[in-house]
Amino acid sequence: MHADKNRELAALTRWRRDLHRIPELDDELPETLAYLRGVLQDLPCEVLEPCPGALCAWFDLGRNSSVAIRADMDALPVPERTGAPYASAHPGRMHACGHDGHMAMALAAATWVGDVARGRVDGVCAQDLPRNVLVVFQPAEETAGGAARVCGSDLFERVRAERIFGFHLWPELPAGTLASRPGALLARSSEVTAKFLGRASHIARWREGRDALAAAARFVPSAEAMCGRLAEESGEPCLLRFGRLEAGTVRNAIAGQARAEGSLRVFSDEIFDRAREAVVSLAENAAAAEGCSVELGFSEGYPPVVNDADLFALAEAALPGLARVKEPLLIAEDFSFYQRRLPGVFLLLGTGTNVPLHADTFDFDERVLLAGLDAYRRLLLMP
């Protein structure tokens, strides 16, 4: 391996493993933020805090516009079982979604921009960077959508940002492979909660009861099947599945209450509105059939990740070997909030592992991060 690559890999590995040891949740990221500040303080950038829990490195190169890259910082409430020497030092918490790798790549990109600005990179000078560079480290991707709070600040207006890029590590792709697609890539998510209210009674006097369990049992399969039909009719993916159902207290009593919790995934506001209207109707019909009432809620969730077609075309030309994802994926990601403010492209970086994201044994070879760093450099140099 070339000497420069060896140095880059050593830095990526050190940053990723240091951050992996200190996973923190949601907005409570004091150790993570302190670590990032420690790296950024030696770079020729201004460190900004656009909102609580977020940290940005701003490289003002005197250009009229800026390009942003984003990394998420939060971990998951998952006890780690990798057995790695750099395993989590925080019991019950783990970087099981690769955000430690995302941060390491962003730190490496920031370091490279700093070296370019100082004239330390052979073959590349500051004038080769057509835009100022903003590196965004955001909290709460896994929970409350920290990207929305970053967008709610005046950050992008202040730095005159005109485009943004981001990555997610992806176990299903071969190690080091980059992939994405123009248009819809990841889904809009909305958590669906249906609470059926009936009347409890002994099963021997079941006619006096109002069976909330039976209402929920009618509703769940009908709602799931409806979204399948909507997907077939529209030619656009639409998925609703329920992962939790609770009802009743004992086996020999009619349930007075039942609660179904699921998640709706779509790729457009139109299909979301159609699915929500149909779900409401099905819930009301199921409740009425059993003499119950129903309280139905839909969370705001995250918008769909939709890659700007023009910016994607430029990125595809700048990234040799970029593979195209054939169909949109049904996971959700809050990078979508940035794309509602400015053109953005989200990319997947393969780790080539058989362990899925969020698993307590998720790990990867840091050499894949070199491909992400190389892509960031190409994107930052892009006209």
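This is a predicted model: local features need pLDDT of at least 70, side-chain atom pairs count only at pLDDT 80 or more; totals for chains, interfaces and linings use all residues.
Visitor: How many helices and strands does the chain have?
Guide: Helices (H or I, at least four residues) and strands (E, at least two) are DSSP runs, numbered from the N terminus. Counted that way, the chain has ten helices and 16 strands.

Visitor: What share of the chain's residues count as buried?
Guide: Buried means under 20% relative accessible area, exposed over 50%, and partly exposed in between, using a 1.4 Å probe and protein chains only. Of the 383 residues, the share that count as buried is 52%.

Visitor: Is C56 buried or exposed?
Guide: C56 sits in strand β2, residues 55–59. Leaving aside neighbours within four places in sequence, C56 is in contact (heavy atoms within 4.5 Å) with E46, V47, L48, P50, L134, V135, V136 and L155. The relative accessible area of C56 is 0%, so this residue is buried.

Visitor: And D27, what is its relative accessible area?
Guide: D27 lies in the loop between α1 and α2 (30–40). Not counting residues up to four places away in sequence, D27 touches P52, G53, P139, A140 and R149. D27 is partly exposed, and its relative accessible area is 25%.

Visitor: How far apart are the end C-alpha atoms of helix α7?
Guide: Helix α7 covers residues 269–289, which is 21 residues. The expected span is 1.5 Å times one less than the number of residues, so α7 should span 30 Å. The model agrees, because the end C-alpha atoms of α7 are apart by 30 Å.

Visitor: Within what arc do the buried residues of α7 fall?
Guide: An α-helix has 3.6 residues a turn, so residues three or four places apart point the same way. In α7, the buried ones are I271, F272, A275, V279, A283, A286 and A287. Taking the directions from the helix axis to the C-beta atoms, they line one face of the helix, because they fall within an arc of 120°.

Visitor: Which exposed residues does the other face of α7 carry?
Guide: The buried residues of α7 are covered by elements including β8, α6 (212–234) and β10 (238–247). The face turned away from that buried side carries the exposed residues E270, E277 and A288.

Visitor: Which element gives the largest share of the lining of the largest pocket?
Guide: On a 1 Å grid over the protein atoms alone, a pocket is an open set of points where a 1.4 Å probe fits, with protein on both sides within 12 Å along at least five of seven lines, and lining residues have an atom within 4 Å of a point. The largest pocket is lined by 18 residues, with D4, E8, W112, V121 and R377 nearest its centre. Elements giving two or more residues are α1 (3–21), α3 (99–117) and α10 (368–381). The largest share, seven residues, comes from α1.

Visitor: Which residues lie nearest the centre of the second largest pocket?
Guide: β5 (161–170) and β8 (188–197) each supply at least two residues of that pocket's lining. The lining has 17 residues, and those nearest the centre are E141, E142, Y302, A332 and H358.

Methods:
Residues are numbered from 1 along each chain as its sequence is written. Side-chain values use heavy atoms; hydrogens and water are left out.
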